[in-house]
Each structure stands twice: as structure tokens, then as C-alpha cells.
Amino acid sequence: MALLKVSSLRKYFAVKKGLMIKPLLVRAVDGVDFSLDEDRIFALVGESGCGKSTVARLVLRLIPPTSGEVLFQGMNIFGFNGGALKAFRKSVQIIFQDPFASLNPRKSIMDTISEPLKIHRIVEKNRLKDKVVELLNKVGLGSDILYRYPHELSGGQRQRVCIARTLVVSPKVIVADEPLSALDVSIQAQILNLLQELKREYKISFLFISHDLRVVHYFSDTIGVMYLGKIVEYAKTEDLFGEPFHPYTGVLLSSAPVIPTSDTTHYAPRITHYASRLIQGEVPSPIDIPPGCPFHPRCPRRFEPCDKIVPELKEVDERFVSCHLY
Ligand SMILES: Nc1ncnc2c1ncn2[C@@H]1O[C@H](COP(=O)(O)OP(=O)(O)OP(=O)(O)O)[C@@H](O)[C@H]1O
Ligand code: SF4
Ligand SMILES: [Mg+2]
């Protein structure tokens, strides 16, 4: 059984503009399906505004869906309350993009990490400090920062504190929403390595959100490429990098700088037919999604039916892709 199963998930926001009487609908998430197995990493990738964080907020049960369901260990998370909801909140944790914004500036690191330990009564009072130091050590920090405050730490140290805080409750799933994008490039690899080590040690599954395909290449098992609220390609990471099927995946890959290593050179030639056509134009608004294939105004390979007929997500060679070319 999948740890997390997302089916036909939709979230529409009603927004009012100016003097309009009827609100407009923002189709932020428009029919998303994926599953996350134990000890696995599923990456959700796409440009800004395609609905990645909205998927995260739905999966964390921070907002209700317009329709569709999210099953955690086979149970509908939107039906949880009482003890089941509390257990779910412990099992599924979040790491945000901006570690500074997600830490209370008035709380020391000791207070920040001991708070959930106290709330969930995880250790005796006299063992609190030892447990906080143990968690800090797990994320590569020492006891010297115990009584420091967030503003006294570097960005990388702050993100490590946020990660330590999620480990307090022994989560089964961590939703990581762009956990690297606020950090210096030199620090990004260190945090990615830390997440990988923690996954190995604790068998945590990740829903890892990123706009950067380079980041998820070595980190994820499967990838869902999102465009305007929908997953347009869903494949094993090695297959997707081996040969992108959807033209949008192709342009995303060719616009992401490839660091040539022995692992990356094998897919480089296959994406050359997109390489000269770096992604054109802006993503259309999710209030006004283009007819037919939503990607057609920007697609380098569009043809006759693309602006009229919506392509369905079809299974092709052990992956899913929504494009009339398949
Ligand atoms: N509460 C809300 N009310 C109205 N529109 C919203 C709301 N939350 C998100 N949206 C809209 O839904 C769309 C998807 O937003 P979302 O934050 O999920 O995108 P994203 O893929 O995470 O983008 P980014 O990479 O910039 O973080 C955007 O057009 C956004 O403006
Ligand atoms: S359906 Fe047409 S426009 Fe859409 S991605 Fe495929 S080729 Fe491009
Ligand atoms: Mg986001």
C-alpha cells in the first residue's frame, strides 16, 4: 500500500477583481494524481505558480480540497479528527523554503526544538537538553548553538534547525517545499546530503518540491512535472532524464544548466532537439487556462489538434504523459 496516495486532487480559489460581481476561479491544482511509497522520494517540479505549494498545503491538510482525495496509509486525511488527526500531524512534517520565516525570532534554538518534545511528551523533563543536543548532532550542529537565536545563525544552520525540529516526532513523510532555494549554492549540496543521510537512517519518505530539475536528479526516485495545475509527465527519475517525453519536460531540462558528469552525459544528446528552443514566454494565468493542451502557446512541437483537444494523461512505456505526440 502506498504511504501517501493522491487522487484527482483539485483546488480552485475564488478571487474577486475590482468591481466584478462574479468571482474568478484560479485553478491552482486541477486533477493531480501521484503516490509516495515508503522510503521513497517523489519530486514535484515546475515553474512558479504551477500549483506545487498548493499540493503541499493540501497533502498537509492545511487547506481543504475542492475535490479529490489524499489517502495516508489508506485513510482519507480530510476525514481525520481527534487522535487520528494528531497522529497524522506528527507523521507528516514540513520544511519550508525560508528557514528564517519558519523560526520564531524570540525563541532560542533550545526552546524551538524542545517545544514539540514537551508538547508530545517525548522525553522526561530532565532529559530534554540531552535530546535536543542529540537532534542537533544528527543535523550536523553542535551544542554551542543551544542558546542562540535564529538571527545569530547562518541560512544553512537555520535550515538544519528546522530539519532537526521535524525529526523530533519521528515523521514518516517530510514535505520539503523548495528547502534549498533560499540558500547559497555552496550550502545547497550540504543540505541535500543531510536530507539523503536522514532518509537512509530513518527511512523517511519525501515529497520534495523544486523548480530546479538539477536538484531532484540525484535525490528523487520518481518525478511529477507540473504545468498549470496538472502533472503532465510522471516517470521514474532515470527514465525522465534518460529521455523526456513531454515537450515541457524537454524544455525544462534543456533550460536547466547541466553539470557534465559521468552520470549526466548519457542523456545530454537526447535533449539537444529542445536545446535551441529554450522556454518561451510566460506561464499563462491559472484563471485563464488556454484551450486544448495548456502548454500549446509555448510548445516548440505543437501541431494541428493541440490548440483544440485537451490531451489526456496516458501510460506510455511505464510512465504517464499528456501530449498528443503519444
Ligand atoms: N489563497 C489563494 N488565493 C488565490 N490564489 C491562490 C492562493 N494560493 C495560491 N494561489 C494561486 O494558485 C496558483 C498556484 O500557486 P502555488 O503557490 O501553489 O504555486 P507554486 O508552484 O508553489 O509557485 P512558486 O514556485 O512560486 O512557489 C498561483 O497562481 C497562485 O497565485
Ligand atoms: S499536446 Fe501538442 S502542444 Fe501539448 S505538449 Fe504535446 S505537442 Fe506540445
Ligand atoms: Mg511554492
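Two strands are taken to pair if DSSP finds at least two bridges between them. Helices (H or I, at least four residues) and strands (E, at least two) are DSSP runs, numbered from the N terminus. The structure is a predicted model, in which local features need pLDDT of at least 70, side-chain atom pairs count only at pLDDT 80 or more, and totals for chains, interfaces and linings use all residues. Residues are numbered from 1 along each chain as its sequence is written, while chains are lettered from A and ligands numbered from 1 in the order in which they are written.

The bridge partner of Ile94 in β7 is Val175. Burial was assigned by counting neighbours: a residue is buried if 20 or more other C-beta atoms lie within 10 Å of its own, exposed if 12 or fewer, and partly exposed in between, with C-beta atoms placed from the backbone. In a regular strand the side chains alternate between the two faces of the sheet. In β6, Val92 and Ile94 point one way and Gln93 and Ile95 the other way, and all are buried.

Strand β3 (residues 41-45) pairs with β9 in the parallel sense over 4 bridges, and Phe42 stands opposite Thr222. With β10, by contrast, β9 runs antiparallel, joined by 6 bridges; here Ile223 stands opposite Ala235. The two strands β9 and β10 form a hairpin with 2 residues between them, and Leu228 in the turn has a positive phi of about 45°. Strand β10 (residues 230-236) also pairs with strand β12 (residues 319-321), in the antiparallel sense over 2 bridges, with Glu233 opposite Val321.

A second open sheet has 4 strands in the order β2-β1-β4-β5, with antiparallel pairing. Its edges are β2 and β5 (75-76), each with a single partner strand, so one side of each is left without a neighbour in the sheet. Between β1 and strand β4 (residues 67-72), antiparallel pairing extends over 5 bridges, and Ser7 stands opposite Glu69 in β4. Val32 has its place in strand β2 and counts as buried because it has 26 C-beta neighbours inside 10 Å. Residues are in contact if their C-beta atoms, placed from the backbone, lie within 7 Å. Not counting residues up to four places away in sequence, Val32 touches Val6, Leu9, Val55, Lys230 and Ile231.

The axes of helix α3 (residues 109-119) and helix α4 (residues 128-138) come within 10 Å and cross at roughly 110°. The two helices are therefore roughly perpendicular (angles under 35 degrees count as roughly parallel, over 145 as roughly antiparallel, 65 to 115 as roughly perpendicular and the rest as oblique). Met110, Ile113, Ser114 and Leu117 in α3 meet Leu128, Lys131, Val132 and Leu135 in α4. The residues of this contact divide into 6 nonpolar, 1 polar and 1 charged (Ala, Val, Leu, Ile, Met, Phe, Trp, Tyr, Cys and Pro count as nonpolar, Asp, Glu, Lys and Arg as charged, and the others, Gly among them, as polar).

Two ligands were examined through the residues near them, a residue being near if its C-beta atom, placed from the backbone, lies within 6 Å. Of the 14 residues around ligand 1, Phe13, Ala28, Ser48, Ser53 and Thr54 come nearest. Its shell has 6 nonpolar, 7 polar and 1 charged residues, and the largest share, 3 residues, comes from α1. Around ligand 2 there are 13 residues, of which Cys293, Cys299, Arg302, Cys306 and Cys323 come nearest; by class, they are 8 nonpolar, 3 polar and 2 charged.

How values were computed: Axes are lines fitted to C-alpha atoms, for helices over the stretch in contact, and angles run from 0 to 180 degrees between N-to-C directions. Two residues are in contact if their C-beta atoms, placed from the backbone, lie within 7 Å.
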